[in-house]
Amino acid sequence: MPENDTPVLELRDVRKKYGDFEAVRGVSLEVHRGQVVAIIGPSGCGKSTLLRCINALEEPSGGSVRLGDQVMDYDDPRSLPKGRALALFRSRFGMVFQQFDLFQNKNVLENVMLGQVVVQGKPPDEAAKVARRYLKRVGLSDFETRMPKALSGGQQQRVAIARALALNPEVLLFDEVTSALDPELVGEVLVVMQDLAQEGATMILVTHEMAFARDVADHVAFMDVGEVIVEGPPSDLLVNPENVRLKTFLSRFHGEDSKTDRTT
């Protein structure tokens, strides 16, 4: 994947504390346009918290996040945007959550339209046109009038991906999006994500799907106790790891590639 010299997304010394507990401890990370970055690590190590700090769903306790020409300087809280300006910053990211987070009282089409209308101010007819385009993109054109409860977990997650894509985000964030799915439904979601990666989407994945990270990611960051311990290309980290802590973490996945590699 060709990289520009200037990252589209840059984290510098991002920290997040809850009282005395420091969940994210000074993480710095660069993501270039068209790059797929996988964040891996044990449960509770701060991966999901970091992801939510990136798009300001959680306000970091310090450090900075730069997206394009906009800098969120959390060491100077008075400079941070609020209200609609903050919502517009968040809309520059497409966030796909582990638990789908669809509105249960709205049908599929309405779920994909909502952010466009409320946050971006699009007219409903224009939002519906965009929503239908992305529902087709994830293979759900025939499901637009269905309610979320009538969908499988894999279908709900694909609606969530369509909703994120409909905002035309600069960076897509995926927070362990397959972990709540039955094993037989994981593949249909991973195929959509793999297609997005091949089309050049800029993506950050928090994932436990090691085979998927190995095959799709350009760059892997291994986190433990709130810190990025080691990072680099998947061929170094996932195929020939040298870091002892990473080796220990990956040992639990040995022999599972045939079960986790569902994209072939």
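Guide: We take the sheet and then the aromatic pairs. This is a predicted model, in which local features need pLDDT of at least 70, side-chain atom pairs count only at pLDDT 80 or more, and totals for chains, interfaces and linings use all residues. Residues are numbered from 1 along each chain as its sequence is written, and side-chain values use heavy atoms, with hydrogens and water left out.

Visitor: In what order do the 4 strands of the open sheet lie?

Guide: Strands of a sheet pair through backbone hydrogen bonds, parallel or antiparallel. Strands here are DSSP runs of E with at least two residues, helices runs of H or I with at least four, both numbered from the N terminus, and two strands pair if DSSP finds at least two bridges between them. The order is β2-β1-β4-β5, with antiparallel pairing, and the edge strands, β2 (21-31) and β5 (70-73), each pair on one side only. Between β1 (residues 9-18) and β4 (residues 62-67) there are 5 bridges, and Leu11 stands opposite Val65 in β4.

Visitor: How many aromatic pairs does a search of the whole structure find?

Guide: Rings of Phe, Tyr and Trp (its six-membered ring) pair if their centres lie within 6.5 Å, and planes under 30 degrees apart count as stacked, over 60 as edge-to-face and the rest as tilted. The search finds 2 pairs. Phe89 and Phe93 have ring centres 5.5 Å apart and planes at 70 degrees, so they are edge-to-face. Phe222 and Phe249 form a tilted pair, with 5.4 Å between centres and 40 degrees between planes; Phe222 lies in strand β9 (residues 219-224) and Phe249 in helix α9 (residues 244-251), 27 residues apart.
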